[in-house]
Amino acid sequence: MASIAKLVVTLGANVAGFETDMQRATRNQKRRMREMEKQVAQAGRAIGLAFVAAAGSMTALVRQTTKTADEMQKLSQRTGITTEALSQYRHVAELSGVSFEQFTNGMKRMQRSISDASVGLSTQKRAFERLGISVDELMKLSPDRQFEAIAQAMTGLESATLRSATAQEIFGRSGTELLSVMSRGSAGIQAMREEADRLGLTIGQDLADASALFNDNMTRLVAGFKGAALQLTEALLPSLLDLQQYFLNTGDATNYASRTGEFLGKVLKTLVAAFIIVKNAALTFGKVLVGVFELIRNAGNQLIIPITESINCLLYT
């Protein structure tokens with residue numbers, strides 16, 4: 001009998017220890033789950049922020065790209081240089097330490113110099129003769145090929161003074177800066193243009209035209225909002241002027257203030273009454289809910305108590 005009692009005690013202790021271990025394991029598991037949920041929530045927030053940032057960056061990138069392509073399209077229309085060539089020369093200018101504005105200004109002056117030389121103006125004609133270039137042959141080339149032909153001829157001038165003077169005679173004040181671009185000759189310029197194309201920097205005419213249309217439509221949308229605001233102001237202004245005049249008249253302003261005060265007082269009373277009605281309805285609804293829950297609880301007790309008593313009778317009789 002003592003052995004059985006000892007066994008019962010040992011089993012009880014083991015069961016108690018097992019239950020304690022299980023409770024500890026359950027608590028640890030719940031803690032780990034809470035930590036995992038917290039980490040997942042943090043990761044979710046981080047991903048969400050990253051997505052928003054990426055979307056914002058992409059929007060800014062698209063906006064900047066359409067702006068650049070639009071500028072290329074309009075510059076192409078002014079200079080006669082293709083958008084492909086202009087976008088490639090932008091890369092050439094950046095690699096050579098020249099601003100794109102300086103480059104385009106020089107190209108515009110170059111075209112005028114070629115035209116002047118073709119009609120016999122001495123300064124420009126002398127500059128091209130010094131380079132050994134036929135102006136008639138130069139006129140047959142596209143503007144970007146004209147520039148490359150001049151750049152190649154420039155490498156044949158051994159005197160730095162002559163190179164600088166000739167560059168200024170052809171390209172104007174941008175000539176000196178453009179010497180760094182022309183120093184590599186036509187082959188070097190062509191290599192940089194091909195690099196721009198490999199890097200995906202070439203802006204085709206289709207992209208330039210689409211970007212110009214996109215920006216023009218954005219301008220139209222903004223103009224539409226401004227127009228709507230102007231029309232709204234025009235429609236409201238007479239009434240606003242009448243209201244100003246009404247207030248400027250002391251007597252009318254006093255009467256108006258009095259009527260306005262009365263009206264606001266009525267509105268306030270109505271709002272207070274509505275608030276009281278809503279509050280009373282909420283309290284009544286709350287009481288009804290409490291009564292319903294009380295009925296459910298009582299009904300549950302009426303069911304559970306007999307069942308419990310029946311089980312006890314079966315177990316202990």
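Author: A salt bridge here is a side-chain nitrogen of Lys or Arg within 4 Å of a carboxyl oxygen of Asp or Glu. The model is predicted, and by this rule the count comes to eight salt bridges.

Reader: How far apart are the closest N and O atoms of Arg145 and Asp144?

Author: They are 3.9 Å apart, and the pair forms a salt bridge. The cut-off is 4 Å, so this pair counts.

Reader: What separates Glu148 and Arg145 along helix H6?

Author: About one helical turn, because the two are three residues apart in H6. Glu148 and Arg145 also form a salt bridge, with 2.8 Å between the closest N and O atoms. Taken together, Asp144, Arg145, Glu148 and Arg193 are linked in a network of salt bridges.

Reader: Is Asp144 buried or exposed?

Author: Buried means under 20% relative accessible area. Asp144 has 8% relative accessibility, so it counts as buried. Glu148 is buried at 6%, and Arg193 is buried at 6%. Arg145 is partly exposed, with a relative accessible area of 35%.

Reader: Now the helices. How is a packed pair described?

Author: By the angle between the two axes and the distance between them. In this model, the axes of helix H3 (residues 100-118) and helix H6 (residues 143-154) cross at roughly 85° and come within 11 Å. H3 is therefore roughly perpendicular to H6.

Reader: Which residues meet between H3 and H6?

Author: From H3, the residues are Phe103, Met107, Met110, Gln111 and Ile114. From H6, they are Pro143, Asp144, Gln146, Phe147 and Ile150.

Reader: Where does Ser174 lie, in a helix or in a loop?

Author: Ser174 is in the loop between helix H7 (160-171) and helix H8 (175-182). Ser174 is buried, with a relative accessible area of 11%. Setting aside neighbours within four places in sequence, Ser174 is in contact with Gln102, Asn105 and Gly106.

Reader: Which residues form a nonpolar patch on the surface?

Author: Leu232, Leu236, Leu237, Leu240 and Leu241 do, with about 460 Å² of accessible area together. One of them, Leu240, lies in helix H10 (residues 205-248). Leu240 is partly exposed, at 46% relative accessible area.

Key: Residues numbered from 1 in each chain as written. Predicted model: local features only at pLDDT ≥ 70, side-chain atom pairs only at ≥ 80, totals over all residues. Heavy atoms only, no water. Patch = residues over 30% accessible without salt bridge, like charges linked within 9 Å, V, L, I, M, F, W, Y side chains within 5 Å. Areas by Shrake-Rupley, 256 points an atom, 1.4 Å probe, with all protein chains shown as cover. Helix = DSSP H or I, 4+ residues; strand = E, 2+ residues; numbered from the N terminus. Buried < 20%, exposed > 50% of the residue type's maximum accessible area, 1.4 Å probe, protein only. Axes fitted to C-alpha atoms, helices over the stretch in contact; angles between N-to-C directions. Parallel < 35°, antiparallel > 145°, perpendicular 65-115°, else oblique. Contact = heavy atoms within 4.5 Å.
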